[in-house]
Amino acid sequence: MASHSPGTAAPAPALSRELNLFHLVMMGVGMMIGAGAVIGMGLSVQTAGPGGTLVAFALDGLVALFTAMAYAEMSSAVPKAGSIYNFARIAVGRATGFSAGWIAWFASAVAGSFYAVILSEYTVELFARLGLLGWLPPDRYWLVRLVAVACAALFALINYRGVSSTGMASSLLTLGQTATLVFIGVFGLVIFLLDPSRIANFKPFLPRGWSGVFVCMGVEYIAFEGYEVIAEAGDEALQPRRNLPKAIIYSVLIVTATYVLVAFGLIAGVRGVEGPAWEWLAGFGEKGFGEAMAKLIPYGSYLAFLTVLFAATSALNATIFSAARVSYALGRDRMLPGVLGRISAKRSTPHVALGASSVLLVAGIFLPITDLASAASIMFLFLFLLANVCVLRMRRRLGGEMEYGYLMPFFPVLPLAAIALQLVLAIFIVNVSWLAWVIGPGWIAAGLLIYYLYARSRALPIREEIFAVDAPVVPSGGKFRILVPVADADQVLPMVPAMLRLAESSDGGVELVHLVAVPDQVPLADAHRYALPGTEGTVEASLYLPARRLVNSSVLYCRNPARGILYQARAGRADLILLERATCDVAVMRPGGRAPFLNVLVPVSGGPNSERALEIAGMLADPKNGVVTALHVQTVRSRPVDITELVTKVCRQSSMSCDRFSGRVLVAEDPRAVILREAAAADLVVLGATEGRFRRLVAATLPGDIARSCDRPLVIVRSAGRHRHPRPLADLPSRQIAGPGTP
Amino acid sequence: MSGPWRDTVEPAITLLIMDTEFIGGIVLVAAVLAAMIVLTVVSRARIERFHREGPRPFVPRIRGDRRG
């Protein structure tokens, strides 16, 4: 992070890296897992037969892995804002970059149409099974389409309001989804082993021959799109050169294995039907997954509905998100009309790009389902073909200048093989849908026309293809480092005295960081648009701090401010965060009053947080006349605390004089009332946070309750315990802790 | 061999081995998955090596030169 001379210049911006390998893998798996095994099962069996489906999924996975390795290599060399749009601009040129963005926009939107229709099909089917649609005519084409439009509109609205697709919650949801599919596959495998006669379900193995397998591979290729989104997270990933390529490759392997397993389990699970099992399954088309589930597991159709609901929901959300993001980028760079690059003032999301993508998506809904899947697949095949061209060109043109974190093996055989195979698969799609071959190349031709007639002369000059401010963190020079997140001037200025006191007491320095939350739909490269009054607050606060106490100030762009603070604490090796939780000691302060803290109350119950609270209280109390009172309220159920021993221990550890500390033990059944009564006479209350995640989860905590009820200036302290930075407060000389006046 | 093995797994294996078309197909699928795993393992090793030794530019291999 670029430093600045304290008080003289605006803070420098930087990006927050929050996503680890697990998050990245789950991001890729979550984008892919919704389509193939779950939704395309019936269509695959229809096209390639039972064995052909397994072979097609496996071979598709292999071809996808070749392209994934190309993405992995490029993202390791350009680990920032690494969409195919950027790769193509860097490796080939502006026209190809535009084509890549143009194709990606359409591919994502049409894939979204496909998922919306599937979601609608299953929802309508569930309602029909529950007997709620008896009053409607049997032909449900228009009903399915209308529900699909409603679903698309709902998710467009959700994206407009701003959603997160990268958090721990979505990672866990993807993990649960994958685990459910693996369970279905394993269940089918066990049933197969217990009843070997089910081998008949796989006969004939390739009823449509190898041509059927290739057609199926082409149509189902859409099931392997999604991993490329990992490359787009380059500016948010921890150790991007290492984690991006790993996550891209792992996610393709996980998804392929899951697809093959689920396909095997479902086909093996069909029992008691007339005629060959695969023909029965194929007859249901896109509803085949639900029907096969009903045969495999009791109430399986309902489980299938839930699985499809989750899968299609996440896929629909992700495709709308991707389509909006890429069209926004095209508008921002004036490759398309600049209106697409506008950002909503109210929601901070690219609302025009979102609206245009939604229109495209809704138009796709009215195509026949096979044409829809084929059109989406063909566009992704072209897109991935382009990615392989890019990896070849990048090594040839820029290989000597790039720094690679990964170089794919068997180069250039694998990218060339991927190009050839993807071309073959695209050609085979014509057997299923000639319309896809009209729509796909037609869209590309229209794009090239737009580029040469419109975008070429208007596109903004390539200022910096890869935007990322990733400057080094300013070293603290061995000082105790206090990190203070800044929202705005009103929030931060009242904290300046406490900052100063902590910095002076520990002979440390303050680092001010303003966190700018950027909506997911907007690349972090454009985050500077969101840097609002926090910058002013940071500058203003830095004016009140002496230059020797201000280590650094910065603006950090992030998706999630809490995680951004944690990132900054790690990157800057902070010893204490004032205001948030972190892996170091944390003090959350509610400031108030201007007088020195003469009478500081510390309610204690034993444990590391109480000790840390006493230590911080000793630092905050007035060094000459301040008195710290450790108060323990003894109830029937609470364990006794030796208050004298606690105070002595803290004083010894932190090299502070015990003269300024006193201890009191009161016996009562309502600790809250006693603490609040005692707090009324204190200038400052310092509380240790409640320990134990389970306790915090299931019950209201006493410190939290007191913090809400107490009107005095208050600090809640949480100890980092064993994770604490190995330079504790105790290592500092006593005069620095207690001030020059302390004996 | 007794009980469950004789009644379930043994006939299953016999049936599977007899069915060459099915076995051939499954072996093909397994081979493809195995190839994917090998590529993944090789890639992982490269990533870790590059991470350990630091990122590097691409140096085209010259005949007889193993540096590339």
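The legends below describe several close-up views of a predicted model.

View 1. Chain A holds 27 helices and eleven strands. Of the 743 residues in chain A, 57% are buried. Among the contacts in chain A that have a separation of 6 or more, 82% are accounted for by residues 24 or more positions apart.

**View 2. The packing of helices α15 and α17 of chain A.** Helix α15 (residues 369-398) and helix α17 (residues 434-458) of chain A pack at an angle of about 40°, and their axes are 8 Å apart. Because angles under 35 degrees count as roughly parallel and 65 to 115 as roughly perpendicular, this angle makes α15(A) oblique to α17(A). The crossing in which α15(A) passes α17(A) is right-handed. On the side of α15(A), the contact is made by D371(A), S374(A), A375(A), I378(A), M379(A) and F382(A), and on the side of α17(A) by L435(A), A436(A), W437(A), I439(A), G440(A) and I444(A). Sorted by class, this contact of α15(A) with α17(A) has nine nonpolar, two polar and one charged residues.

**View 3. The packing of helices α5 and α15 of chain A.** Helix α5 (residues 94-129) of chain A packs with α15(A) at an angle of about 150°, with the two axes 9 Å apart. Since angles over 145 degrees count as roughly antiparallel, α5(A) and α15(A) are therefore roughly antiparallel to each other. The crossing in which α5(A) passes α15(A) is left-handed. From α5(A), the contact draws on A100(A), I103(A), A104(A), F106(A), A107(A), V110(A), A111(A), S113(A), F114(A) and V117(A), while α15(A) supplies I369(A), L372(A), A373(A), A375(A), A376(A), M379(A), F380(A), F382(A), L383(A) and L386(A). By class, the contact of α5(A) with α15(A) has 19 nonpolar residues, one polar residue and no charged residues.

**View 4. The largest nonpolar core and a second, separate core.** The largest nonpolar core has 182 residues, and those with the most contacts inside it are A376(A), M379(A) and L383(A). The element that gives the most to this core is α3(A), with 22 residues. When residues up to four places away in sequence are not counted, A376(A) touches A107(A), V110(A), A111(A), F114(A) and I222(A). A second, separate core has 68 residues and includes L566(A), I577(A), A617(A) and L620(A).

View 5. Leaving aside neighbours within four places in sequence, E125(A) is in contact with K287(A) and G290(A). E125(A) and F305(A), which are 180 residues apart in sequence, are 9.0 Å apart in space from C-alpha to C-alpha.

**View 6. The loop between α15 and α16 of chain A, with F410(A) and P412(A).** F410(A) is placed in the loop between α15 and α16 of chain A, and this residue has a positive phi of about 55° although it is not a glycine. With 13 C-beta neighbours inside 10 Å, F410(A) counts as partly exposed. P412(A) lies in the loop between α15 and α16 (413-428), and a cis peptide bond joins F411(A) and P412(A), with omega about 0°.

**View 7. Backbone details at P204(A) and Q239(A).** P204(A) is found in the loop between α7 and α8 (209-220) of chain A, and the peptide bond that leads from K203(A) to P204(A) is cis, with omega near -10°. Q239(A) has its place in the loop between α9 (228-232) and α10 of chain A. Although Q239(A) is not a glycine, this residue has a positive phi of about 40°. Q239(A) is partly exposed, with 14 other C-beta atoms within 10 Å.

**View 8. The side of chain A that touches chain B.** In this interface, 37 residues of chain A are in contact with 30 residues of chain B. The elements of chain A that give two or more residues to this side are α3 (41-77), α7 (168-194) and α10 (240-269). The residues of the side of chain A that touches chain B divide into 25 nonpolar, six polar and six charged.

Definitions and conventions. Residues are numbered from 1 along each chain as its sequence is written. Chains are lettered from A and ligands numbered from 1 in the order in which they are written. This is a predicted model: local features need pLDDT of at least 70, side-chain atom pairs count only at pLDDT 80 or more; totals for chains, interfaces and linings use all residues. Axes are lines fitted to C-alpha atoms, for helices over the stretch in contact, and angles run from 0 to 180 degrees between N-to-C directions. Helices (H or I, at least four residues) and strands (E, at least two) are DSSP runs, numbered from the N terminus. A crossing is left-handed if the near helix is turned anticlockwise from the far one by less than a right angle, and right-handed if clockwise. Two residues are in contact if their C-beta atoms, placed from the backbone, lie within 7 Å. Ala, Val, Leu, Ile, Met, Phe, Trp, Tyr, Cys and Pro count as nonpolar, Asp, Glu, Lys and Arg as charged, and the others, Gly among them, as polar. A nonpolar core is a set of buried Ala, Val, Leu, Ile, Met, Phe, Trp, Tyr and Cys residues joined through C-beta atoms within 7 Å. A residue is buried if 20 or more other C-beta atoms lie within 10 Å of its own, exposed if 12 or fewer, and partly exposed in between; C-beta atoms are placed from the backbone.
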